[in-house]
Structures are given as C-alpha cells and as structure tokens.
Amino acid sequence: ERQSTGGDSSHGVLGSTGLIQLERPAWLPAKSKQEQLAHSNQHNRIITSARKREMKEAKQRKKMLQNQLKAEDELANATKIWIQEILPKWQHMKNQKRTQELWWQGIPPCVRGKLWRLALTNDLNITHDLYDICVSRALERLKSAAGSTDSIDEPSKDRDVADREASMELIQLDISRTFPHLCIFQKKGPYYDMLHSLLAAYVCYRPDVGYVQGMSFIAAVLILNMDAPDAFVCFANLLNRPCHRAFYSLDQPLVST
C-alpha cells in the first residue's frame, strides 16, 4: 500500500502536498517529469495565493479593529468634553468654533437628549403639564371622533380646526411607516403608544397645523433620546421655527421665501 509523506498515513488522510506527490495508479500512464513539475508548480502557486489572501484578510481585520478602537476612543473623549466643558457652560460655549466642530463630528448618544433640549430653546414656554393636558384632550377626541358631526351652521373656521384635530386619526397610518426596520414604533412595539400620544398631543396643541406626513420621523428621533414630555417640548418648538413652520403648514408662498 502506497503512503505519502504529505499526509497522515496512520488514518489514510493525505494533505494537499501529499496528493501532488502521489504517482498515478499503475493502470494509468505515469506522469512525465514535465507534467509532474507543472503540477507541483501549480500547487505551489495555489498555496502561495491562498496564503497571500489570508494575510490580506488578516490585515484588513486588524485595520478594522484599530479603526473601531480609535472611533471608540474619540467618542469617549468627545463625550467627556461635552459633559465636563460644554454643557455646563452652554450659553458661553454654544457659538465657539470648537463646539461647532464637535457638533459636526457627531453628538455622542448619551449627550444628545440634554444637548437638544438646550439647543432647541423653549420659546413657546411649554410645560409638562400642558403636554399631559394635550394628551388627555387627544384621547377624548379619538373617543368622540366617530360619533361627532359638525353643525351646518358652524363657522368654516371652526370646521377647519375640527378637521385639523381629526387628522390625529391619520397618525396611526404614518407611524406604521416610521423606521419599520427598528420594529419599535409599530403596534405592540415599545415606543408605539409614546409616539402616538406625542403626535396626537401636538395636533391638539396646534390644530391650525394638524398632523402632516413625515412629522413622525422627527418625533421618533426625539423620543429615542429623551422622555416624552421633553420630546414634545422640543418637537413643538422645532416645528415653530420659520422653515419648519412653512413646510409643515403647507404654506407655499412662505416656503418659497
């Protein structure tokens, strides 16, 4: 029985080198020296190519790990600067060049909620109590919406307001399309009720604006970084800014300016 030096002869398992060195069975024509040399060279090229590929992949993995560690260090340093130097002195630091550069580099997740609350100043003086009132009113509106009808003699302005408040019923349709890959804002998701309540509360707070498709994405991002009452305060103040107000009020002339 023929055995090869390139494999494990005790178990009859041959390595790739052993297979190359094996001669053909006796009933087949023997390899010529040129053919044997060609097969050996081909085998060596395959092994060399595989080793190069392994070395290249190992370098790539090492580089990715180094970049990940570097990014984590930069994030930790940025978080420290935000918490210890910028946030405590926000009014003084908010217009500093260093603050702007750090902002454009990306705000650390653990800082976003507090920073956004400082940056989106509460010019509307909205309180948490007002949010609770709007949520309660929204729930009452949802319960009575099905059976309520507007009087024919009701002024058109009041009917428009009622129609705006009724737009909260359309919120559910948009929530199902809000970051669907996360599966946290849809029905039975952990943030479904919170997002629905915030948007419905805004409809009651600003019936002249109502709900406009796309608002749910802004509210969802805020909810992921702060409590619902604080998110509502930031949401309402953000949408009250000229650019957002023009866009979501569908005021075409104002958008054009």
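A definition is needed before the first selection: on a 1 Å grid over the protein atoms alone, a pocket is an open set of points with protein on both sides within 12 Å along at least five of seven lines, whereas a cavity is a set of points where a 1.4 Å probe fits but cannot get out. Lining residues have an atom within 4 Å of a point. This is a predicted model, in which local features need pLDDT of at least 70 and side-chain atom pairs count only at pLDDT 80 or more, while totals for chains, interfaces and linings use all residues. Residues are numbered from 1 along each chain as its sequence is written, and side-chain values use heavy atoms, with hydrogens and water left out.

**Stop 1: the whole chain**

Display the chain as a cartoon. Its secondary structure consists of 13 helices and 0 strands; helices (H or I, at least four residues) and strands (E, at least two) are DSSP runs, numbered from the N terminus. Of the 257 residues, 29% count as buried, a term that means under 20% relative accessible area, with exposed over 50% and partly exposed in between (1.4 Å probe, protein chains only).

**Stop 2: the largest pocket**

Select A71, E74, L75, N77, A78, I81, W82, L102, Q105 and G106, which line the largest pocket. Its volume is about 160 Å³, where a volume is the space filled by probe spheres set on the grid points, and points are joined across faces, edges and corners. Which helix supplies the largest share of this lining? It is α2, with 7 residues. Helices α2 (33-86) and α4 (97-105) each supply at least two residues. By class, the lining has 6 nonpolar, 3 polar and 1 charged residues; Ala, Val, Leu, Ile, Met, Phe, Trp, Tyr, Cys and Pro count as nonpolar, Asp, Glu, Lys and Arg as charged, and the others, Gly among them, as polar.

**Stop 3: helix α10**

Select residues 215-223, which form helix α10. Within this helix, M215, S216, A219, A220, L222 and I223 are buried. These residues lie on the same side of α10 because they cover an arc of only 160 degrees around the axis, the arc being that of the directions from the helix axis to the C-beta atoms.

**Stop 4**

Select A138 in helix α6 (residues 128-145). A138 is buried, at 2% relative accessibility. Its C-alpha atom is separated by 6.2 Å from that of C204, 66 residues apart along the chain.

How many disulfides does the structure hold? It holds 0, a disulfide being a pair of cysteine sulfur atoms within 2.5 Å. For C134, the nearest cysteine sulfur is that of C204, 6.3 Å away. C134 is buried at 6% relative accessibility, and C204 is buried at 4%.

**Stop 5: the largest cavity**

Finally, select Y202, R206, V209, L239, H244, R245, Y248 and S249, which line the largest cavity. The volume of this cavity is about 30 Å³. Helix α12 gives the most to the lining, with 3 residues. The lining residues divide into 4 nonpolar, 2 polar and 2 charged.
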